Amino acid sequence: MKGIIGKKLGMTSIFDPTGKQTACTIIEAGPCVVTQVKTKDSDGYNALSLSFGDKKEKHSANSEINHFAKAQTSPKKFTKEFRDYSIDKNIGETITVDIFAEGDKVEVVGTTKGKGFQGVVKRHGFHGVGQQSHGQHDRQRAPGSLGNSSDAARVMKGMKMGGRMGSDRVKLKGLKVVKIFADKNYILISGSVPGHIGSIVLIQK
Amino acid sequence: MNAIEFVHEQLSGKKDFPKFKAGDNVTVNYKIIEGNKERIQSFKGDVIKKQGTGHTASFTVRKISDSIGVERVFPFYSPNIQSVVLNKAGNIRRAKLFYQRKRSGKSARIREKRMVVSAVAQ
């Protein structure tokens with residue numbers, strides 16, 4: 001596997017030579033610093049720890065400053081571990097968008113926008129119970145029955161109800177790399193990507 | 001410069017369209033691909049809307065074809081638009097002419113803008 005940490009910047013669309021318009025998301029991906037190399041001998045598994053986004057030293061704990069000093073960089077905001085990284089990198093080296101090429105199929109991991117407390121229609125795709133007419137009201141977005149009567153006499157575990165929605169970690173597969181602006185570290189990925197503008201996403205292949 | 005503006009600047013090539021706005025009568029010459037053959041189709045009508053900014057901007061052209069209203073949306077930066085010809089500048093007061101959809105015949109006409117030609121220029 002190979003991957004990079006990025007920041008979602010916004011959306012636009014792009015034309016292919018035949019005139020077909022594709023919506024795509026602009027992500028500022030990297031450059032990421034390798035801050036730790038984990039190996040099977042020392043840690044039990046192989047992984048690279050990548051860090052992205054500068055942070056001031058006065059906002060960092062001493063333990064953080066010293067950890068990043070081993071990689072000879074300033075403290076970073078975000079650190080993520082990528083298992084079994086397919087490119088050999090040493091501590092302190094950087095990873096840029098160059099690891100991807102235009103046309104690659106990638107996976108994008110992000111945290112979806114928080115939706116707050118939502119009812120069953122929005123949260124679970126229920127259709128509601130009642131109609132607007134025939135003397136009914138107040139039942140259009142209702143969940144309906146929660147279960148059986150006296151046999152069981154309880155609500156089953158995992159019953160779908162209203163509640164907090166969104167802010168979930170989501171992985172989208174099969175997205176295409178449409179374009180790369182290497183000097184600006186921008187990568188354009190087809191379609192939409194979870195999260196709000198400015199949120200952190202992982203791009204993996 | 002923000003990221004979207006930067007990407008738009010990189011993507012959009014130069015377009016030498018005449019400047020037109022809502023109310024103007026234009027002819028859009030549009031490339032159509034049928035199988036592996038290409039041909040140019042022209043669409044002549046009034047611009048009723050210009051929408052969006054940068055690389056994603058588009059405009060809508062409305063014409064009456066066999067007494068049926070037809071509207072078509074063209075992206076400004078589509079590679080399939082070969083040229084846009086400005087036929088007539090319209091004298092209108094709004095940016096979006098959606099009221100044209102309810103009109104037909106004489107009331108759907110758009111007054112032509114009269115240009116002042118200075119004597120010095122001649």
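Me: Are Phe20(B) and Phe59(B) buried or exposed?
Reply: In this predicted model, the two rings form an edge-to-face aromatic pair, with 5.0 Å from centre to centre and 70 degrees between the planes. A residue has to fall under 20% relative accessible area to be classed as buried. Phe20(B) and Phe59(B) are both buried.

Me: How many residues apart are Phe20(B) and Phe59(B)?
Reply: Phe20(B) belongs to the loop between α1 (3-11) and β1 (25-34) of chain B. Phe59(B) is in strand β3 (residues 58-65) of chain B.

Me: Is the pair of Phe59(B) and Phe76(B) stacked, edge-to-face or tilted?
Reply: The ring centres are 4.9 Å apart and the planes meet at 55 degrees. Stacked needs planes under 30 degrees apart and edge-to-face needs over 60.

Me: Which residue has its charged end over the ring of Phe43(B)?
Reply: Phe43(B) is part of one aromatic cluster with Phe20(B), Tyr30(B), Phe59(B), Phe74(B) and Phe76(B). A charged end sits over the Phe43(B) ring, 4.6 Å from its centre. That charged end belongs to Lys63(B).

Me: Is Arg62(B) buried, exposed or partly exposed?
Reply: Arg62(B) forms a salt bridge with Glu71(B), at 2.9 Å from N to O. Glu71(B), at 31% relative accessibility, counts as partly exposed. The relative accessible area of Arg62(B) is 14%, and the limit for buried is under 20%, so Arg62(B) is buried.

Me: Which residues do salt bridges with shared partners join into one network?
Reply: Glu71(B) also meets Arg101(B) in a salt bridge of 2.9 Å, N to O. Glu71(B) lies in strand β4 and Arg101(B) in the segment after β5 of chain B, so this pair ties together parts 30 residues apart in sequence. The network joined through shared partners consists of Arg62(B), Glu71(B) and Arg101(B).

Me: What is the relative accessible area of Arg39(B)?
Reply: Arg39(B) forms a salt bridge with Glu34(B), and their closest N and O atoms are 3.2 Å apart. Glu34(B) is partly exposed at 43%. Arg39(B) is also partly exposed, with a relative accessible area of 37%.

Definitions and conventions
Residues are numbered from 1 along each chain as its sequence is written. Chains are lettered from A and ligands numbered from 1 in the order in which they are written. This is a predicted model: local features need pLDDT of at least 70, side-chain atom pairs count only at pLDDT 80 or more; totals for chains, interfaces and linings use all residues. Side-chain values use heavy atoms; hydrogens and water are left out. Rings of Phe, Tyr and Trp (its six-membered ring) pair if their centres lie within 6.5 Å; planes under 30 degrees apart count as stacked, over 60 as edge-to-face and the rest as tilted. Helices (H or I, at least four residues) and strands (E, at least two) are DSSP runs, numbered from the N terminus. Buried means under 20% relative accessible area, exposed over 50%, partly exposed in between (1.4 Å probe, protein chains only). A charge sits over a ring if NZ of Lys or CZ of Arg is within 6 Å of the ring centre and within 35 degrees of the ring normal. A salt bridge is a side-chain nitrogen of Lys or Arg within 4 Å of a carboxyl oxygen of Asp or Glu.
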